[in-house]
Amino acid sequence: MSYDRYLAICKPLHYVTMMNDRTCFRLIAYSWISGFLANTITLIIMSKLIFCNNRIDHFFCDTFPIIELFCGDTYALKVFLYVLSSIFTFPPSALTITSYTFIIVAITRMPSTVGKQKAFSTCCSHLLVVTIFYGTLMSIYVVPNTNKLYGLRKVFSAIYTIITPILNPIIYSLRNREVKDSLRRLLLFVQV
């Protein structure tokens with residue numbers, strides 16, 4: 001999405017030639033393959049573990065709460081999973097940040113105020129959702145693993161797994177004029 005916005009704002013004349021079906025397929029394939037690969041590696045490693053407990057104190061079967069159920073020493077496994085998570089999390093977030101940096105620079109150079117507003121409104125919703133997603137996801141790995149902060153890790157997990165997917169359709173549908181008009185009519189009807 002950030003690459004699409006980058007091309008639309010920073011290279012509008014090249015957009016049609018650069019954002020074609022092949023590029024879209026590559027971007028989708030990279031996302032799916034990297035997600036599948038990261039999860040497969042984690043599942044293979046975790047399937048070899050012997051667990052002492054079968055009660056997960058978490059909202060869902062996230063990796064680190066499951067590792068806490070393991071009987072043996074988990075230090076090396078946690079370090080490996082931190083590295084694996086970094087490999088699959090930091091490059092996409094860095095690309096998103098880089099593309100939005102170029103977008104913001106291009107928007108600030110626009111002479112038209114209306115053009116700036118339109119460009120910012122196009123990008124702000126996506127940037128908000130991406131910031132919430134990556135911010136909470138990375139916070140889970142940065143927050144120390146102590147009993148006092150375990151509840152905070154649960155909250156961050158809930159935000160990136162529940163709140164972000166809920167926000168996506170709401171934010172993107174509110175950009176649609178018909179949805180806005182329907183929402184206004186609904187709110188006016190409720191007030192009456």
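Residues 24 or more positions apart supply 57% of the contacts in the protein chain with a separation of 6 or more. Keep in mind, as you browse the views below, that this is a predicted model.

**View 1. The fold is built from helices.** The protein chain holds eight helices and zero strands. The protein chain is more spread out than a compact globule, because its radius of gyration is 21 Å, well over the 16 Å that the globule rule gives for 192 residues. Its C-alpha trace spans about 60 × 50 × 30 Å along the principal axes.

**View 2. Two annotated spans, seen end to end.** An unreviewed UniProt entry lists residues 27-50, 79-107, 119-143 and 155-174 as "transmembrane region". Let's look at two of them. In residues 27-50, 88% of the span is helix and 0% is strand, and the end C-alpha atoms lie 37 Å apart. Residues 119-143 are 96% helix and 0% strand, with 35 Å between the end C-alpha atoms.

**View 3. Burial and surface of the protein chain.** Of the 192 residues in the protein chain, 28% are buried. The accessible surface comes to about 13,200 Å², and carbon and sulfur atoms account for 68% of that area.

**View 4. Charged side chains.** Here you can pick out 18 positive and 8 negative side chains in the protein chain. The centres of these two sets lie 8 Å apart.

Technical notes. Residues are numbered from 1 along each chain as its sequence is written. This is a predicted model: local features need pLDDT of at least 70, side-chain atom pairs count only at pLDDT 80 or more; totals for chains, interfaces and linings use all residues. Side-chain values use heavy atoms; hydrogens and water are left out. Helices (H or I, at least four residues) and strands (E, at least two) are DSSP runs, numbered from the N terminus. The radius of gyration is taken over C-alpha atoms; the globule rule is 2.2 Å times the number of residues to the power 0.38. Buried means under 20% relative accessible area, exposed over 50%, partly exposed in between (1.4 Å probe, protein chains only). Contact means heavy atoms within 4.5 Å. Accessible areas come from the Shrake-Rupley method with a 1.4 Å probe; for residues, only the protein chains shown count as cover. Lys and Arg count as positive and Asp and Glu as negative; His and the chain ends are not counted. The place of a charge is taken as NZ of Lys, CZ of Arg, CG of Asp or CD of Glu. UniProt positions are given in the numbering used here, feature names are shortened, and annotations may be inferred rather than shown by experiment.
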